[in-house]
Amino acid sequence: MSTATHHLEHAHHDAHVGGFRRWLTTTNHKDIGTMYLVFSLTMFFVGGAMAMVIRAELFQPGLQLVDPNFFNQMTTMHALVMIFGAVMPAFVGLANWMVPLMIGAPDMALPRLNNWSFWILPFASTLLLTPLLLGLFGIGGGGPAAGWTMYPPLVLQTGHAFPFMIFAVHLMGLSSIMGAINIIVTIMNLRAPGMSLLKMPMFVWTWLITAYLLILVMPVLAGAVTMLLTDKYFGTSFFTAGGGGDPVMYQHIFWFFGHPEVYIMILPAFGIASEIIPTFARKPLFGYAAMVYATASIAFLSFIVWAHHMFTVGMPLAGQLFFMMATMLIAVPTGVKVFNWVATMWRGSMTFETPMLFAIAFVFLFTIGGFSGLMLAIVAADIQYHDSYFVVAHFHYVLVPGAVFAIMAAVYFWLPKWTGHMYDEKLGKLHFWLSAISVNLTFFPMHFVGLAGMPRRIPDYAPQFADFNAVASVGAFMFGLSQILFAWNIWRCVKGGDKATDRVWDGAKGLEWTVPSPAPHHTFSTPPVVK
Amino acid sequence: MSKITSRWMGRAAASLGLALAFHARAWAEWEVNMPRGTGALSAEIYDLHMMAFGVCVAIAVVVFGAMIWSIYHHRKSRGSQALNFSHSTRVEIVWTVIPIAILVAMAVPAAGTLVKMEDTRDSDLTVKVTGYQWKWHYDYLDEGINYFSNLDAESNRARQLGSGIDPASVPNYLLEVDRPLVVPVGAKVRLLLTSNDVIHSWWVPALGGKKDAIPGFVNEFWFEADDPGIYRGQCAELCGRDHAYMPVVVRVVPEAEFSQWLAQNSAGEPAAPQAGAGGNDEPVAPQAAESGAEAKWTLGQAMAEGESLYVSNCSACHQVNGRGLAAAGFPPLAGSPVATGPAPEHIRIAVHGRPGTAMTAFGPQLTDEQLAAIVTYQRNAWGNGTGDLIDPADVAAER
């Protein structure tokens with residue numbers, strides 16, 4: 001027995017610390033992954049509740065339920081909570097659980113940093129939500145209401161919620177940066193012998209690339225919001241024309257972060273689809289190398305397209321042309337990925353358990369989001385689409401049946417490995433069908449009302465938009481309720497269920513399926529050799 | 001009639017019925033597409049949109065068709081055995097090159113239309129448009145005509161939380177203003193857009209697009225309407241609480257009618273305080289009063305005018321009931337120190353606003369009479385009962 005394993009066994013005492021102290025001080029990637037996922041699910045419901053308020057008000061023309069200012073708080077907070085509280089932490093949680101297992105590493109390279117990365121988040125989200133919650137009780141001016149994009153000068157009219165929002169963004173950014181550093185160091189240093197980069201699972205590849213994106217752009221967001229802070233409190237005028245500044249400069253800086261950010265939210269989803277589809281098609285992923293290069297191309301291109309969020313600000317013609325072409329170009333590597341997934345399915349031997357259902361729906365519906373994205377790239381047409389519900393439809397298609405469905409697919413896929421129990425397959429399928437149908441009911445009509453002229457971020461609208469809005473609201477309520485099935489299924493699975501085998505799924509391949517289910521607290525203390 | 005003929009007639013009838021059913025008018029509330037709009041540029045944008053959409057549909061048919069076929073035929077339960085292929089360089093190259101070719105084909109007309117959009121030369125009429133929280137201001141630079149364009153009073157009443165008024169009963173709910181932008185048909189109209197406070201965006205779908213109105217900067221946007229009529233749109237950049245309540249209305253009229261409208265408005269001298277509701281083309285220039293307006297100025301008159309003006313100009317923040325909105329930082333006027341304290345201070349705030357807050361300076365927006373009426377109303381309504389009747393001369397002095 002080597003000295004290394006001998007020491008590791010002595011370190012096992014920490015696994016016997018129980019209760020709150022265990023979770024507060026754990027440096028174990030599985031524990032931390034679990035905490036990220038539980039936090040993310042909680043925030044998903046918080047953000048979802050805000051969406052319910054939005055859709056309830058928009059159910060009919062006329063203002064029935066909330067003040068327009070409160071409505072703006074809902075749209076702002078819904079986005080901030082979903083992006084920074086639900087989607088990003090979910091992907092980090094999945095990375096924490098699965099990356100070490102997939103590369104045959106005993107844990108993340110920087111376990112204490114890992115613990116801090118997580119625990120910043122509950123604190124940051126409390127900071128973010130406090131002004132809104134206090135406002136509900138008449139204390140203070142309520143939550144931020146200038147949109148998650150925080151454009152000045154409007155955002156500078158925010159009241160007391162302003163510093164809370166800025167510092168929450170700083171903290172969440174710090175958490176992401178530290179997590180990303182951890183991921184890169186882990187992947188570059190702790191792969192099992194024989195696992196060259198081009199032998200890594202796609203989920204690991206997509207997370208490696210995502211981590212670089214995070215490190216490159218989160219500091220840019222921090223810079224942007226710090227300038228907002230100094231503009232409001234310390235007399236600078238970065239974004240005030242009167243003082244020699246430029247509100248549009250903020251938009252450039254913000255979207256330089258913002259565009260890679262949306263790829264940060266989708267690349268891990270691509271990785272998940274690339275794990276699940278081969279498993280249930282019982283066929284290797286088609287075009288592995290192309291998938292890697294396509295992901296890298298998408299990541300590179302994501303840095304040079306930011307101004308496509310700003311086509312109506314009054315940009316010079318040359319700028320508009322450049323950003324249009326670069327944006328259209330992203331369709332190529334993205335298309336390659338979609339074709340490769342279909343080619344993986346082609347002539348496979350498919351079964352359609354819940355993870356596969358979500359993964360296929362992901363490919364199908366994300367592609368629809370991709371189509372509206374291509375349409376949006378065309379500047380002359382975008383002049384009509386911009387700031388209308390067409391854009392809302394686009395990004396919700398890529399984020400909800402895109403990123404969120406991928407996360408759900410991953411949870412169903414890996415729950416048996418995490419818990420040692422099979423989840424209830426019937427309930428899973430029911431959750432899937434209800435979600436898939438309702439997500440389309442909710443967001444497809446938004447294309448129509450956007451094209452017909454309905455702007456975004458409005459609590460009330462002209463009656464010609466009423467019918468599709470009613471459909472969208474019904475879909476939204478249905479979607480919201482269906483998620484309770486998801487939480488229930490997870491809870492039951494954690495508590496018990498049919499015993500899961502090590503391999504769990506018939507076509508499952510990879511190091512993570514060689515450890516027992518549930519995965520022991522410590523795995524790969526001795527690295528496996530990969531042929 | 002032979003069987004074949006009657007079958008074909010049946011099909012023709014069914015197609016006709018289907019076509020009629022899908023006719024736009026029958027489905028106005030279920031409008032699924034962008035308007036073609038008026039003018040060549042708007043039509044070109046629409047065609048570009050339909051072309052892009054068509055490309056997407058074509059690709060979707062191929063990709064989704066393959067997926068659905070595969071889901072049906074390559075399932076384990078149908079006995080499908082998994083093949084083992086996992087790469088083909090040739091296929092990869094083909095489905096990289098073909099999309100690039102499609103994109104290039106799309107980019108050519110896209111670039112062409114974009115260049116046209118950005119060409120603001122040789123315009124026939126220039127109007128400066130200023131976004132305010134929450135209204136538009138139109139300034140015909142060469143004609144000396146300028147005015148504010150507010151959400152129409154009937155819409156404004158109906159949109160209040162718990163108003164009890166059915167939006168369907170209000171004509172052009174949220175899409176009507178008191179004073180629209182008026183332009184001649186067939187003229188290339190160039191708009192110079194800016195803002196007084198935060199970023200707004202001027203959008204009329206039927207005129208082919210939108211442009212942001214940014215404080216401290218001037219953007220250009222042009223349109224050319226070939227058909228007379230009324231075209232409606234909305235602000236398209238979140239600008240605060242009443243972002244949804246500052247519509248854009250453009251009235252396109254024949255050349256002769258436009259000349260007439262210009263003449264009427266240029267000649268206009270400030271008359272008695274305007275109600276600011278309903279009247280679209282009444283000659284009002286909101287400059288400071290010259291003729292003194294020493295008309296009979298009674299408390300009752302001031303209260304009546306003031307209430308109406310208050311609803312359209314002040315109630316967005318201070319609320320119709322005068323209680324303000326603490327949550328958003330809008331102070332109440334009912335029982336407030338300002339509205340019951342010294343009148344000069346009250347007038348000063350109304351005219352010059354409170355810098356650093358959302359309280360705009362209303363001096364430039366309203367006449368002395370209008371401001372006097374509003375302040376009078378504020379000082380006497382909701383139990384404030386100061387009994388003050390503000391003199392328009394005092395407002396003029398405060399400027």
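A:Lys429 is partly exposed, at a relative accessible area of 31%; here buried means under 20% relative accessible area, exposed over 50%, and partly exposed in between, with a 1.4 Å probe and protein chains only. Its partner in a salt bridge is A:Glu425, at 3.2 Å from N to O. A salt bridge is taken as a side-chain nitrogen of Lys or Arg within 4 Å of a carboxyl oxygen of Asp or Glu. A:Glu425 is also partly exposed, at 23%. Both residues lie in helix 16 of chain A, four residues apart, about one turn of the helix. Helices are DSSP runs of H or I with at least four residues, strands are runs of E with at least two, and both are numbered from the N terminus.

Some conventions before I go on. This is a predicted model, where local features need pLDDT of at least 70 and side-chain atom pairs count only at pLDDT 80 or more, while totals for chains, interfaces and linings use all residues. Residues are numbered from 1 along each chain as its sequence is written, chains are lettered from A and ligands numbered from 1 in the order in which they are written, and side-chain values use heavy atoms, with hydrogens and water left out.

Next, a second pair in chain A. A:Arg492 forms a salt bridge with A:Asp424, with the closest N and O atoms 3.5 Å apart. This pair links distant parts of the chain, 68 residues apart: A:Arg492 sits in helix 17 (residues 466-495), and A:Asp424 in the loop between helix 15 (389-419) and helix 16 (425-452). A:Arg492 has a relative accessible area of 39% and A:Asp424 one of 27%, so each counts as partly exposed.

Now chain B. Are B:Arg241 and B:Asp242 buried or exposed? B:Arg241 is buried at 4%, and B:Asp242 is buried at 2%. The two form a salt bridge, the closest N and O atoms being 3.2 Å apart. Salt bridges with shared partners join A:Asp67, B:Arg159, B:Arg241 and B:Asp242 into one network. Over all chains, the search of the whole structure finds 17 salt bridges.

Finally, the overall figures for chain B. There are 11 helices and 10 strands in the chain, and 48% of its 399 residues count as buried. Of its contacts (heavy atoms within 4.5 Å) with a separation of 6 or more, 65% come from residues 24 or more positions apart. B:Glu224 lies in strand 8, residues 219-224, and is partly exposed at 30% relative accessibility.
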